[in-house]
Amino acid sequence: MNVLSLFDGMSCGQIALDRLGIKVDNYFACEIDKYAMQVTQANFPNTIQLGDVTKVNLSKLPKIDLVLAGSPCQGFSFAGKQLAFDDPRSALFFEFIKILKEVKPKYFLLENVRMKQEFLNIITEQVSSCYPEIPFGIEPILINSSLVSAQSRQRYYWTNIPNIKQPE
């Protein structure tokens, strides 16, 4: 499986795939934070770092099976000013959409914070437009991480991976 992780951070996607026993042939990471990249390379030295998501050359990549993304949330978070797409960091969400349309992977997973309904609707519409063959669109799933960890963080997940639901 070839994976492209946008806004990779310290590569938690690789941790999840490893724990699920999913074999990854190539893991391509778009990340600009040098410290996050150092952590990734220490834990997963075979990671192929691509740098800035706005400058990635997709034509040089093999067929991508899975795109992972957790685009910057500062513009959507209730803890911030809620500038939404007027915050340049949160506007990077559209890079995810552009790449999703170009790569058209078999699967994708997008994560972001709990947010106002109007922002949620825009993201849902944009994501659903990438997969018009899914007749009812792609609806977000709200999951609180306290169900699987020591932290209480509510996050929305959009995916076309079948059978994803609230953990017990």
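## Overall build

The structure is a predicted model, and the description below should be read with that in mind. The chain has 168 residues, of which 41% count as buried, and it holds four helices and seven strands. Read from the N terminus on, these elements follow one another as β-α-β-α-β-β-α-β-α-β-β.

Among the contacts between residues at least 6 apart in sequence, 60% join residues that are at least 24 apart.

The seven strands form an open sheet with mixed pairing, and their order across it is 3-2-1-4-5-7-6. Strand 3, made of residues 48–49, and strand 6 stand at the edges, and because each has a single partner strand, one side of each is left without a neighbour in the sheet.

Strand 1 pairs with strand 4 in the parallel sense over four bridges, and here Val3 stands opposite Leu66 of strand 4. Strand 4 also pairs with strand 5, again in the parallel sense and over four bridges, with Val67 opposite Phe108 of strand 5. Within strand 4, Leu66 and Leu68 point one way while Val67 and Ala69 point the other way, and all of these residues are buried. Strand 6 and strand 7, by contrast, pair in the antiparallel sense, over four bridges.

## The nonpolar cores

The largest nonpolar core has 30 residues, and those with the most contacts inside it are Leu4, Leu6, Val67, Phe96, Phe108, Val127 and Trp158. The elements that give two or more residues to this core are strand 1 (2–6), strand 2 (26–30), strand 4 (66–69), helix 3 (93–103), strand 5 (107–113), helix 4 (117–129) and strand 7 (154–159). Helix 3 gives the largest share of this core, namely six residues. Apart from this core lies another one, of six residues, among them Val3, Leu17, Ala29 and Leu66.

Leu6, for its part, is in contact with Cys30, Val53, Val67, Leu68, Ala69, Gly70, Phe96 and Ile99, when its neighbours within four places in sequence are left aside.

A search of the whole structure finds zero disulfides. Cys30, one of the contacts of Leu6, has a relative accessible area of 2% and is therefore buried, the limit for that class being under 20%. Cys12 has a relative accessibility of 45%, so that it counts as partly exposed.

## Asn144 at the edge of the sheet

Asn144 is placed in strand 6, which covers residues 141–144, and its bridge partner in strand 7 is Gln154. Although strand 6 stands at an edge of the sheet, Asn144 is buried, with a relative accessible area of 16%.

The side chain of Asn144 takes part in a polar contact of 3.3 Å with the side chain of Ser152, and the side chain of Asn144 also reaches the backbone nitrogen of Arg153 at 3.1 Å. Not counting residues up to four places away in sequence, Asn144 touches Gln151, Ser152, Arg153, Gln154 and Gln166.

## Two residues with positive phi

Most residues other than glycine have a negative phi. Phe7, however, is not a glycine and has a positive phi of about 60 degrees. Phe7 lies in the loop between strand 1 and helix 1, the helix of residues 12–19, and with a relative accessibility of 17% Phe7 counts as buried.

Lys104 is not a glycine either, and has a positive phi of about 45 degrees. The place of Lys104 is in the loop between helix 3 and strand 5, where, at 32% relative accessibility, Lys104 counts as partly exposed.

Definitions and conventions: Residues are numbered from 1 along each chain as its sequence is written. This is a predicted model: local features need pLDDT of at least 70, side-chain atom pairs count only at pLDDT 80 or more; totals for chains, interfaces and linings use all residues. Side-chain values use heavy atoms; hydrogens and water are left out. A nonpolar core is a set of buried Ala, Val, Leu, Ile, Met, Phe, Trp, Tyr and Cys residues joined through side-chain atoms within 4.5 Å. Buried means under 20% relative accessible area, exposed over 50%, partly exposed in between (1.4 Å probe, protein chains only). Contact means heavy atoms within 4.5 Å. A disulfide is a pair of cysteine sulfur atoms within 2.5 Å. A polar contact is a pair of N or O atoms within 3.5 Å; within protein, one must be able to donate a hydrogen and the other to accept it, and residues adjacent in sequence count only if both atoms are side-chain atoms. Two strands pair if DSSP finds at least two bridges between them.
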